[in-house]
Amino acid sequence: MSRSVGIWGEAQVANYLRKNRYRLVAHSYHCRFGEIDLIAMDGKTLCFVEVKTRSNLSMGLPREYVNAAKQERIRKTALFYLSEKELDCPMRFDVAEVYQSGSGALERIKYIKNAF
């Protein structure tokens, strides 16, 4: 998958979150521990969202690519973010699967709360 497809998928999920009354806090947050695609508030809960975009399932479900090592990097990055911003609030880790049609259009988004 190209980086442009990944950015497109993240934009689709950002729109999805806004429509579902989340407040976007950060996009492509980077630190020495890793990257978090999207950070958003769902009420008083801070959500760290990993976005996976796919046009076919020949290599498995998108969520399967958020393996234990990836989860650990996301956790460390999230803890650094909380420390850096001096936040003390409920949080969760979500995964957004973006399915792209063969023509490149959005087919659907499967949003998984508390994915890990």
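Mentor: Let us start with Y22, which counts as buried at 9% relative accessibility, where buried means under 20% relative accessible area, exposed over 50% and partly exposed in between, with a 1.4 Å probe and protein chains only. This is a predicted model, in which local features need pLDDT of at least 70 and side-chain atom pairs count only at pLDDT 80 or more, while totals for chains, interfaces and linings use all residues. Residues are numbered from 1 along each chain as its sequence is written, and side-chain values use heavy atoms, leaving out hydrogens and water.

The structure holds seven aromatic pairs; rings of Phe, Tyr and Trp (its six-membered ring) pair if their centres lie within 6.5 Å, and planes under 30 degrees apart count as stacked, over 60 as edge-to-face and the rest as tilted. One of these pairs joins Y22 and Y111 edge-to-face, with 5.9 Å from centre to centre and 70° between the planes. Because Y22 lies in the loop between helix 1 and strand 1, and Y111 in strand 5 (residues 106–112), the pair ties together parts that are 89 residues apart in sequence. Helices (H or I, at least four residues) and strands (E, at least two) are DSSP runs, numbered from the N terminus. Y111 is buried too, with a relative accessible area of 14%.

The loop that holds Y22 is also the place of R21, between helix 1 (3–19) and strand 1 (23–31). R21 is exposed, with a relative accessible area of 77%, and has a positive phi of about 65° although it is not a glycine.
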